[in-house]
Amino acid sequence: MSSHFYGNSLKLENVYIASTGSVCGPLEFQGPLGAYFDKSYTDYHCNEDSFEKAERKMLRDALDICLKREKLKYKDIDLYLGGDLMNQITTVHYLARELPKPFVGIYGACSNFALSMAMSALIIEGGFMNKIVAMVSSHNATAERQYRYPVEYGVQKKDTTTFTATGAVATLLTNQKTPVRVEAITLGKVVDYSQTNPNDMGRAMAPAAYDTIMQHFQDLKRGFEDYDLVVTGDLSTYGHQILKEMLQRKKVNVVHYNDCGCMLYDVKNQEVFQGGSGCACSALVAMGYLYPQLKEKKLKRILVVSTGALLSPMMTNQKESIPCVAHAVSLEVSE
């Protein structure tokens, strides 16, 4: 193992991205990045009889696309690792019944993408396994039923609401050299700024994104200028602005920065309120849109900071504040 620890960060030497598969729902396809995703569905049921089964179908599609690109079968993978937003990470666990190899479920809420990539990368860097698939999914209707109200209720949304992305992404990580590698990771701390509104996730998650970004820069002695692009996961327009203000107050030079929740949709013209959120939000943007640009060397290094609000409906009903976390993954062109 040739990796090195720096505070809460780890620089890696032997972890590469072999392939990916991305599947999205109707609004995501209609957004500005729709053409970059491998497959899309025109309705939220995806020809299934429930939203939950629809989410599982999208994740299976993403996995099949990812493996087909490398001409691999389910049995050729050493480990599957991933998560979603439902109780007991239902989507990934129920899909894992079809997989003949070990599966590990994780939960970091909307930060699942970067967390799954980081955990997979650590196992490969340690020399324990050679091929791991990191996979995540989210679905607007299943998330609404999980955290707020079923979409059938037609509940009036708040202005600060974010829109959970409908989609799934599977990414194959390997120790065999490819054009793009996982260069560094930073694991985030749980941060709580006493926010209690489950309809204002941007405000709740911005401090966690700030903490992880600053930690990453401190550990690796870097700044925004060291990346062609830094993207946060799903702060959307409101949280995106809050984060920029927090950074600017510390005299941080904020350049080459955007938020996946702002990029995934046409926020002004699509009915997505503040913009996107959910596990699939940062995953679709990072692997569907940005990863191909790394392969083509249009980008050389990016930092993906997936943010997650770790709220529990049970605790929200007890007026508890919402703990949040952000994990960061640096991807770059291989030398």
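Mentor: A residue counts as exposed when its relative accessible area is over 50%, and as buried when that area is under 20%. Keep those cut-offs in mind while reading this structure, which is a predicted model.

Trainee: Is Lys297 buried or exposed?

Mentor: With a relative accessible area of 58%, Lys297 is exposed. Lys297 sits in the loop that runs between helix H9 (279-295) and strand E14 (301-309).

Trainee: What is the phi of Lys297?

Mentor: The general idea comes before the case. Most residues other than glycine have a negative phi. Lys297 is not a glycine, yet has a positive phi of about 65°.

Trainee: Which value does phi take at Lys71?

Mentor: Lys71 has a phi near 55°, again a positive value in a residue other than glycine.

Trainee: Where does Lys71 lie?

Mentor: Lys71 is in the loop between helix H2 (51-69) and strand E5 (79-83). The relative accessibility of Lys71 is 78%, so this lysine counts as exposed.

Trainee: Turning to cysteines, how many disulfides does a search of the whole structure find?

Mentor: A disulfide is a covalent bond between the sulfur atoms of two cysteines. In this structure the search finds zero. Cys110 is in no disulfide, and the cysteine sulfur nearest to it, that of Cys279, is 5.5 Å away.

Trainee: How many salt bridges does the structure hold?

Mentor: For a salt bridge, a side-chain nitrogen of Lys or Arg must be within 4 Å of a carboxyl oxygen of Asp or Glu. The structure holds ten. One of them joins Glu332 to Arg181, whose closest N and O atoms are 2.9 Å apart. Glu332 belongs to strand E15 (residues 324-333) and Arg181 to strand E10 (residues 180-186), so this pair links distant parts of the chain, 151 residues apart.

Trainee: Are Glu332 and Arg181 buried or exposed?

Mentor: Glu332 has a relative accessible area of 9% and is therefore buried. Arg181, at 12%, counts as buried as well.

Trainee: Which residue meets Glu183 in a salt bridge?

Mentor: Arg222 does, with 2.4 Å from N to O. Glu183 is in strand E10, while Arg222 is in the loop between helix H6 (201-220) and strand E11 (229-232), so their bridge ties together parts 39 residues apart in sequence. Glu183 is buried at 2% relative accessible area, and Arg222 counts as buried at 13%.

Trainee: Which side chain does Arg301 meet in a salt bridge?

Mentor: That of Glu332, at 3.1 Å from N to O. Because Arg301 lies in strand E14 and Glu332 in strand E15, the pair ties together parts 31 residues apart in sequence.

Definitions and conventions. Residues numbered from 1 in each chain as written. Predicted model: local features only at pLDDT ≥ 70, side-chain atom pairs only at ≥ 80, totals over all residues. Heavy atoms only, no water. Disulfide = S-S within 2.5 Å. Helix = DSSP H or I, 4+ residues; strand = E, 2+ residues; numbered from the N terminus. Buried < 20%, exposed > 50% of the residue type's maximum accessible area, 1.4 Å probe, protein only.
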